[in-house]
Amino acid sequence: MAKKSYLIGIDLGTTGTKAAIFDEEGNLIADAYKESRLSYPKPGWVEQELDDFYRSACQTIKEVIEKSKISPPRIAAITFDGQMGGIGGVDEHWRPVTRYDSWLDTRCEPYIDLMKREAEDLVLRKTGAAPSYNHGPRILWWKNEAPEIFRKIHKFVMPAGYVAGKMANLKGEEAFIDYTYINFSGFSSTEDGSWSEELCQIFDVPLDKLPRIVSPWEIIGKLSSQAARDCGLIPGTPIAAGAGDQMAGFLGAGLVEEGELIDVAGTASCFAGCISNFTPDLKTKTFLCFRSVIPGLWYLLAYINGGGQCLRWFRDQFAQTEKKEAKQRGIDAYRVLNKKAERIPPGSEGLIFIPHLGGRVCPYNPYVKGSWFGFSWKHTKSHFYRAILEGIAYEYAYYLAILKELSPDPSFQKVRVIGGGARSPLWNQIKADVLNLSYLRVSREELAVLGSAIIAGYAVGLFSDLSSTSKKFTSTTTPSIAPSLSRHDYYQNFSKLYLKLLSSQEDPSRELTRICRLPLPDEG
């Protein structure tokens with residue numbers, strides 16, 4: 001009887017690195033987590049050391065091997081997924097030339113404006129994403145603001161690509177990026193999976209600094225002897241290219257058929273739909289069009305930069321009483337906040353929250369910021385908390401209306417919800433009511449690492465089909481959360497007013513930004 005094989009998926013996230021080991025039936029055997037270290041050297045700058053990703057990957061892989069007590073030779077393959085919007089650079093010997101310029105970093109903002117002025121529609125039509133806090137403006141920042149470092153960069157790489165390449169002892173010429181990332185590049189022809197010479201020429205970006213584009217399941221190398229010692233595996237273990245964290249998570253969540261919707265209720269609140277054609281959002285510039293891991297499928301995705309982070313901010317700044325109560329009861333503070341917010345009626349008695357504390361990204365407008373509207377003496381802490389939950393749902397309603405225009409054929413009826421916010425029945429019900437769609441919570445949480453493990457298994461022939469494997473490994477909880485038609489009709493009024501508030505906010509926000517940049521008065 002043949003021995004069972006195992007697969008390891010590693011997710012290089014913003015707040016930490018997670019590794020997990022799965023068997024051939026998709027069962028989680030063991031997992032491990034290592035918190036990340038972010039640095040903030042200047043206002044607007046957010047960086048991570050590329051080698052910190054490597055070290056945390058090695059530590060978590062070693063830990064899951066020790067926890068599982070599985071013999072390293074039985075690991076059939078490993079795959080990394082990771083953050084998608086930031087970028088790093090290596091030299092010809094795979095040594096880091098830059099730190100990882102995180103997706104949270106805003107220093108490239110002037111080059112977003114430059115790309116928008118020069119060729120916004122062309123970038124969107126070619127790549128599937130308008131210029132924003134993504135690779136293109138970041139590459140231009142390095143080129144223009146740090147030319148000496150730019151000259152040393154042999155190839156630009158993603159964190160997952162960097163770690164995989166170091167594990168396989170690649171050289172700079174062998175640098176790669178899989179096709180699920182390239183809509184963020186600013187310089188791709190995403191539909192045919194290539195780099196756009198036209199865009200590179202317009203922005204004077206050397207094509208040879210961009211890595212080769214590969215399929216997620218391509219074996220990019222095998223574990224070197226040094227890396228094997230570092231992470232507790234055996235030399236020669238195959239390494240597949242992997243995918244961006246969102247795309248790996250969608251595969252792990254079973255979002256593999258046209259017409260399916262997903263809500264990623266995490267740090268960045270994401271809303272996406274699965275479609276069958278490359279469909280850039282040229283009209284509203286709200287949605288990003290990603291290639292799915294599965295050939296022939298695409299995702300239209302929009303997100304609130306730090307949407308879920310609004311809840312953490314509120315908890316930490318204003319909910320000390322609830323945190324203390326939660327600690328005494330041995331539960332999460334969000335459960336206490338949610339329980340109190342359940343007693344607040346829909347619409348939070350006329351209180352509306354704009355959730356763009358980090359500036360609006362979809363569509364890109366840094367002058368649209370966060371705010372509450374309509375509050376009075378009757379509003380309590382619980383009103384403000386519920387208003388955050390509802391404000392994110394109103395933004396999703398805007399996304400859904402555009403999605404139906406861009407892809408009118410699929411019947412969007414259900415939303416799979418994943419991420420930490422999926423644990424909140426109240427929030428799921430609010431979003432179901434606002435959108436008039438059923439909400440289904442995916443039954444497992446280790447989705448990005450599961451998606452990476454599925455890719456690894458497909459890469460080495462353990463799985464014959466990505467889609468059927470994904471559906472086999474993932475289920476949703478039952479029953480689903482059904483919308484209330486009466487609450488939906490009531491919420492429609494708030495959704496419409498929310499959009500009016502957004503459109504009226506830009507000019508005063510722009511003026512406020514100008515004022516805040518003035519020198520403070522001299523008190524002497």
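Modeller: One definition to start: helix axes are lines fitted to C-alpha atoms over the stretch in contact, and angles run from 0 to 180 degrees between N-to-C directions. This is a predicted model, where local features need pLDDT of at least 70 and side-chain atom pairs count only at pLDDT 80 or more, while totals for chains, interfaces and linings use all residues. Residues are numbered from 1 along each chain as its sequence is written, and side-chain values use heavy atoms, with hydrogens and water left out.

Biologist: At what angle do the axes of H11 and H12 cross?
Modeller: At roughly 100°, and the axes come within 9 Å. H11 covers residues 333-341 and H12 covers 381-406. Helices here are DSSP runs (H or I, at least four residues), numbered from the N terminus.

Biologist: Is H11 roughly parallel or roughly perpendicular to H12?
Modeller: Roughly perpendicular, a label for angles of 65 to 115 degrees.

Biologist: Which residues in H11 and H12 meet?
Modeller: Tyr334, Leu337, Asn338, Lys340 and Ala341 on the H11 side. From H12 come Ser382, Tyr385, Arg386 and Leu389. Contact means heavy atoms within 4.5 Å.

Biologist: And Arg315, buried or exposed?
Modeller: Buried, because its relative accessible area is 19%. Buried means under 20%, exposed over 50%, partly exposed in between (1.4 Å probe, protein chains only). Arg315 lies in helix H9. Leaving out residues up to four places away in sequence, Arg315 touches Gln320, Lys323, Ala333, Tyr334 and Leu337.

Biologist: New topic. How many salt bridges are there?
Modeller: A search of the whole structure finds 38. Each is a side-chain nitrogen of Lys or Arg within 4 Å of a carboxyl oxygen of Asp or Glu.

Biologist: Which residue does Glu257 pair with?
Modeller: Lys471, with the closest N and O atoms 2.6 Å apart.

Biologist: Which residues form a network?
Modeller: Glu47, Glu49, Arg99, Asp105 and Arg107 are linked by salt bridges.

Conventions:
Helix = DSSP H or I, 4+ residues; strand = E, 2+ residues; numbered from the N terminus. Parallel < 35°, antiparallel > 145°, perpendicular 65-115°, else oblique.
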